[in-house]
Amino acid sequence: SLNQVIHGIDCDIIITVDADTLLEHNAIQEACNAFHEDPTLVAACGVLKPVTRGGLRARLFGLFQYFEYLRAYLSRAAWSQSNALLLVSGAFAAYNRSALIAVGGYDKKSLVEDYELIHRMHEYACENGLDWRVDVLKSARATTDAPATISAFINQRKRWFSGFLRTQYKYRHMIGTAKYKSVGKLMLPIKTIDTLQPIFGLVALFLLWRFLITGSEISIFVLSVIAIKLVIDYCFHIWSLNKYYHWLGEPVPYQRWVQATLCCLADPFIFQPIRHLSALIGWTLVLETNVRWEPIRIQKNNIPNF
């Protein structure tokens, strides 16, 4: 449907918004301004804040996702400095229509069509000597529904990771290739290592729990490594929280410091294992040929009245 639309409208900029995404009042104008000010900009995403709907358990689960999104957007802003950004979230994205048509629009067979599209844009630009740029727009903001239950979260993330693996394989010729600039030399090699992250994460967690349950002695060295990692994680959480709000030009709400501390301590034992498990399931879906899209957020019995 998106491919049909981009050929049937007459405009310079195309903005995509998910049905569960709510834009701030000036978000579209900010996106349009960015494209008008920079002729090399061909794709960009706004800053999304995840919102979970439900009771206390849903809100607590939403906190983990909030800080995950926070760090993800800091990372995107950093990678955009070297024009190596590979993900423009379709939930709120803007594209130069001519560039979108030039690369052939969206891949209808992809599980992560927004992610795959940016790979193709980088590939097309490098092979044709075009000065194209992909960016994140900190002034264009929105909120989007995030999974409020573990099962919904797993359904979402297994599709994301499976799509990530397929895309990584599809563009394997770009990995480590200088022709594709920072994407080929830096970003894609890092993404290749990321394909094994769920395996390493789950094995490490399994060994830790095995030591604790069986009563095996854990060496001082192992305990020191765990303690050092927790300290580093905490410092990174606090630093990223401060950096994120500074990037947006806003003060950090007091409650965010407390929330960041609690999430940092609980994240390795609650949220990370669920993320790694979801990704591991995504590995098993790589060879499936059928693309299935299932509603994972709003259920029929709790759609709000507008």
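**Stop one: lysine 49**

Select lysine 49 and show its neighbours: leaving out residues up to four places away in sequence, lysine 49 touches Tyr66, Ala142, Thr143 and Thr144 (contact means heavy atoms within 4.5 Å). A word on what you're looking at: this is a predicted model, where local features need pLDDT of at least 70 and side-chain atom pairs count only at pLDDT 80 or more, while totals for chains, interfaces and linings use all residues. Residues are numbered from 1 along each chain as its sequence is written, and side-chain values use heavy atoms, with hydrogens and water left out.

Colour by secondary structure and you'll find lysine 49 in strand E3 (residues 41–51); helices (H or I, at least four residues) and strands (E, at least two) are DSSP runs, numbered from the N terminus. Lysine 49 counts as partly exposed because its relative accessibility is 37% (buried is under 20% relative accessible area, exposed over 50%, partly exposed in between, with a 1.4 Å probe and protein chains only). Now draw a distance to serine 80, 31 residues along the chain: the two C-alpha atoms are separated by 19 Å.

**Stop two: H3 and H6**

Next, select helix H3 (residues 56–80) and helix H6 (residues 150–170), whose axes come within 11 Å and cross at roughly 30°. Axes here are lines fitted to C-alpha atoms, for helices over the stretch in contact, and angles run from 0 to 180 degrees between N-to-C directions. So H3 is roughly parallel to H6 (angles under 35 degrees count as roughly parallel, over 145 as roughly antiparallel, 65 to 115 as roughly perpendicular and the rest as oblique). Show side chains, and Phe61, Gln65, Glu68 and Tyr69 of H3 meet Ile150, Phe153, Arg157 and Trp160 of H6.

**Stop three: H9 and H10**

Move on to helix H9 (residues 220–248) and helix H10 (residues 254–266): their axes come within 10 Å and cross at roughly 150°. That angle is why H9 counts as roughly antiparallel to H10. Among the residues making the contact are Leu230, Tyr234 and Leu241 of H9, along with Trp257 and Ala260 of H10.

**Last stop: the cysteines**
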